[in-house]
Each structure stands twice: as C-alpha cells, then as structure tokens.
Amino acid sequence: MRLTFKSAEFKNILSFGNKPTTINFNKGLNLITGTNGAGKSSALLDTLAFCLFGQPYRKIKIEELINRQNKKNLEVTYTFKINDNLYVLTRGLKPKKLSITKNGVLVKILSTKGLTQDEIDKIIGINYKIFKQIKY
C-alpha cells in the first residue's frame with residue numbers, strides 16, 4: 001500500500017486562526033521552511049495527528065489544540081491517495097466533525113469513536129502508537 005498526501009487545509013488550530021491555511025504537496029520531496037516558532041510543527045505534525053487520529057501529537061489536552069482567540073471551529077482536512085483511491089478526511093472540534101470520502105463518495109462512519117478510529121487506521125495502514133514513533 002502506498003499513501004501519498006496531496007494537500008492539507010486547516011484553521012483555528014494552535015497559532016493558526018480562522019483564515020484557512022492550505023499546503024499543497026508536490027510529487028517527490030517537499031520542504032517546509034520558516035523561522036523558529038513560525039508553526040512548522042503545528043502545520044504538519046499537529047494537524048496530521050489530529051486529522052488522522054483525533055489526538056494531539058504533543059503531550060497536551062485535545063482542547064488545547066483549539067486556537068485560544070477563536071475558541072471554536074477547529075477544522076483540519078487532509079487529501080491523500082492510497083494506491084488509486086482518493087480520500088478526503090476532515091475532522092473538527094467545537095463543533096465536533098468527522099467525515100471521510102473515498103473517490104468522492106461518503107464513507108459510512110460507525111457509531112462508536114473507537115470503531116470509527118479503527119476503521120480509519122485500517123484505511124491508512126497505521127495507528128496512533130506507530131505514528132508517534134516519528135521523530136522530527
């Protein structure tokens with residue numbers, strides 16, 4: 001299985017405000033640069049961990065991911081391909097939101113949080129524990 005990220009869009013997460021920020025990933029190597037404290041880790045690891053697993057990457061409470069000024073409408077969307085299938089995964093807080101599409105068709109979400117996350121883990125082929133082994 002090959003997972004290829006296409007784009008990330010997020011708002012109201014950590015230092016990022018209500019204006020959506022979009023990162024488009026090109027084929028091959030992508031380089032994210034910026035000064036210390038500019039939000040590189042937030043823009044990648046924190047948004048990715050929240051979107052894919054519903055948990056912060058850092059050792060903080062999930063509510064602490066929400067932008068302190070806006071205090072609501074945290075939303076993260078990642079678009080990615082697995083083999084020939086295009087997925088769009090969106091997760092949010094205040095209000096809580098979770099949607100997954102596969103090739104433009106909404107994937108049925110199971111009723112309990114654990115089962116839903118288990119299904120997402122199966123789709124992407126990795127769980128939160130393995131993801132946390134990433135070192136940056």
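Figure 1. Phe 10 touches Phe 16, Lys 19, Pro 20, Thr 21, Ile 23, Ala 43, Thr 47, Glu 75 and Val 76, leaving aside residues up to four places away in sequence; contact means heavy atoms within 4.5 Å. The model is predicted: local features need pLDDT of at least 70 and side-chain atom pairs pLDDT 80 or more, while totals for chains, interfaces and linings use all residues. Residues are numbered from 1 along each chain as its sequence is written, and side-chain values use heavy atoms, without hydrogens and water. Phe 10 is also among the residues with the most contacts inside the largest nonpolar core, together with Ile 13, Leu 74, Val 76, Tyr 78 and Phe 80. This core has 31 residues. At least two core residues come from each of S1, H1, S3, S4, H2 and H3, and H1 gives the most, with eight. A nonpolar core is a set of buried Ala, Val, Leu, Ile, Met, Phe, Trp, Tyr and Cys residues joined through side-chain atoms within 4.5 Å. Buried means under 20% relative accessible area, exposed over 50%, and partly exposed in between (1.4 Å probe, protein chains only). Helices (H or I, at least four residues) and strands (E, at least two) are DSSP runs numbered from the N terminus. In soluble globular proteins, nonpolar side chains tend to be buried together.

**Figure 2. Strand S3 and its two partners.** S3 (74-82) is mostly covered, with seven of its nine residues buried. Strand S1 (residues 3-11) runs antiparallel to S3 and is joined to S3 by eight bridges. Within this pairing, Leu 3 stands opposite Ile 82 in S3. Strand S4 (residues 85-93) is also antiparallel to S3, and nine bridges join the two. Here the bridge partner of Phe 80 is Tyr 87 in S4. The hairpin of S3 and S4 has two residues between the strands, and Asn 83 takes a positive phi near 55° there. Two strands pair if DSSP finds at least two bridges between them.

Figure 3. A pair of aromatic rings is described by the distance of the centres and the angle of the planes. Rings of Phe, Tyr and Trp (its six-membered ring) pair if their centres lie within 6.5 Å; planes under 30 degrees apart count as stacked, over 60 as edge-to-face and the rest as tilted. The structure holds eight aromatic pairs. In one of them, Phe 53 and Phe 131 are tilted, with 5.2 Å between centres and 45° between planes. Phe 53 belongs to helix H1 (residues 40-53) and Phe 131 to helix H3 (residues 128-131), so that pair links parts of the chain 78 residues apart. Both Phe 53 and Phe 131 are buried. Tyr 57 and Phe 131 form an edge-to-face pair because their planes stand at 85°, with centres 5.7 Å apart. Tyr 57 lies in the loop between H1 and S3, so this pair ties together parts 74 residues apart in sequence. Tyr 57 is buried as well. Lys 132 lies over the face of Tyr 57, at 4.5 Å from the ring centre. A charge sits over a ring if NZ of Lys or CZ of Arg is within 6 Å of the ring centre and within 35 degrees of the ring normal. Elsewhere, ring pairs link Phe 5, Phe 25, Tyr 78, Phe 80 and Tyr 87 into a cluster.

**Figure 4. Salt bridges.** Side chains of opposite charge can pair when their charged atoms come close. A salt bridge is a side-chain nitrogen of Lys or Arg within 4 Å of a carboxyl oxygen of Asp or Glu, and the count comes to three. Asp 46 forms one with Arg 58, with the closest N and O atoms 2.6 Å apart. Asp 46 is in helix H1 and Arg 58 in the loop between H1 and S3, so the bridge ties together parts 12 residues apart in sequence. Asp 46 is buried, at 1% relative accessible area, whereas Arg 58 is partly exposed, at 35%. Lys 97 and Glu 75 meet in another salt bridge (2.6 Å, N to O). Lys 97 lies in strand S5 (residues 97-102) and Glu 75 in S3, so this pair ties together parts 22 residues apart. Lys 122 and Glu 119 also meet in a salt bridge (3.5 Å, N to O). Both lie in helix H2 (residues 113-124), three residues apart, about one turn of the helix. Lys 122 is exposed, at 61% relative accessibility, and Glu 119 is partly exposed, at 35%.
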